[in-house]
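Morning, everyone. Let me put the structure up, and then we will walk through it.

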Amino acid sequence: MQNNSQVTCPKLAIVGSGAIGGLIGFKCRQLGYDYQHLVKSQQSPIHLTDISGESHSLTPKISLISKPQPFDLLILPVKAYQVLAVLKQLHSYIHPQHLIVLLHNGMGTIEQVKEMLPNNPLIAATTSYGAFKPDTNTLIETGLGQTHLGWINDVDETVRHAIEPILSALLPPSHWHQDISLALWKKLAVNAVINPLTAIYNIKNGELTNAKYQETIHKICDEVSSVMGATGYSVSKAELVTNVRQVISATANNYSSMHQDIKHNRPSEIDFINGYVTAKATTLQIEVPYNQRMLEQIKLLE
Ligand code: KPL
């Protein structure tokens, strides 16, 4: 961010045009923001159905990721395992004043990005926004889930005041956290339960209310709560289970992202979800057999 005009009216670059990236682009267009999607190849128009059921035909503004137009704020709504590769590809176009927004399930990328881009202002975010892309040209807004955001490093007040309303308008309803790690851990617990179980048993999220899954849900939450406690985030197993149950009922009709990844033979985010819990637990010498089992079973399916 070099001067005030860039702060008040930043140029946004959104990596890819997946479900969440596509929705962010749509919101940018509605709000009149200057944006581009960074994509690998040319794209045809998208048919979008918004939350009220209204249809829109969109021709997203795109640039090839190999040749992006100038930007101030780079949003990465990509899988956790794609973050580093994308940043490497864009490295020569990223300057220290550029803002980077990480937006994905799981944990572990913040450390990697800070190492690669130590001077860039960084925001970590996680969303339960409901979006579904059944094919490359169709995008459906299925729910307005909460988005949690927080700054990873200290930035100037003027930058914060300019950027926070923009991101809040793109991903409503949103909540800004003083310490985003707690929100990321809570979402990690949700994903550590719902994602592997729905993928392993080939079920919708809502089927996890069945009695036969309850013991595993409790054990996974208990292990995550222990690891969180040892890293300074004290949240009870009961609170994590309540939270998981709320998300199961709010997304009962959805297939989780890991269910979809396994079904379509794509890599999953397991290394950044149960794999992250397991790796942290090893360092802290805590036993997490249920998370370990989820990790192993998904690895077998991948
Ligand atoms: O984040 C999700 C995902 O599928 O990755 C949940 C919240 C579990 C919704 O399906």
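One cut-off before we start: a residue is called exposed when its relative accessible area is over 50%, and buried when that area is under 20%. Keep in mind that this is a predicted model.

Now take asparagine 202. Buried or exposed? Asparagine 202 has a relative accessible area of 55%, so with the cut-off at over 50% it counts as exposed. Asparagine 202 sits in the loop between α6 and α7. Its phi is near 55°, a positive value, and the residue is not a glycine. Most residues other than glycine have a negative phi.

There is a second case. Glutamine 285 also is not a glycine, and its phi is positive, about 55°. Look for it just after α10, in the loop between α10 and α11. Glutamine 285 is exposed, with a relative accessible area of 76%.

Next, the peptide bonds. Most of them are trans. The bond from proline 172 to proline 173 is cis, with omega near -10°. Proline 173 lies in the loop between α5, residues 157–170, and β12, residues 174–176.

Back to α10, which covers residues 274–283. Which of its residues are buried? They are Asn274, Gly275, Tyr276, Val277, Thr278 and Ala281. What do they pack against? Four helices: α4, α6, α7 and α11.

Now a strand. β8 runs over residues 122–127, and six of its six residues are buried. Leu122, Ala124 and Thr126 point one way. Ile123, Ala125 and Thr127 point the other way. Both sets are buried. Strand β7, residues 99–103, runs parallel to β8, and four bridges join the two. In that pairing, leucine 102 stands opposite alanine 124.

Let's zoom out. The protein has eleven helices and twelve strands. Its radius of gyration is 19 Å, close to the 19 Å that the globule rule gives for 302 residues, so the protein is as compact as a globular protein of that length. The C-alpha trace spans about 55 × 40 × 30 Å along its principal axes. Of the 302 residues, 51% count as buried. Among contacts with a separation of 6 or more, 68% come from residues 24 or more positions apart.

Last, surface and charge. The protein exposes about 14000 Å², and carbon and sulfur atoms supply 50% of that. There are 23 positive and 24 negative charges, and their mean positions are 5 Å apart.

Methods:
Residues numbered from 1 in each chain as written. Predicted model: local features only at pLDDT ≥ 70, side-chain atom pairs only at ≥ 80, totals over all residues. Heavy atoms only, no water. Rg over C-alpha atoms; globule rule 2.2 N^0.38 Å. Buried < 20%, exposed > 50% of the residue type's maximum accessible area, 1.4 Å probe, protein only. Contact = heavy atoms within 4.5 Å. Areas by Shrake-Rupley, 256 points an atom, 1.4 Å probe, with all protein chains shown as cover. Lys, Arg positive; Asp, Glu negative; His and termini not counted. Charge placed at Lys NZ, Arg CZ, Asp CG, Glu CD. Pairing = 2+ DSSP bridges.
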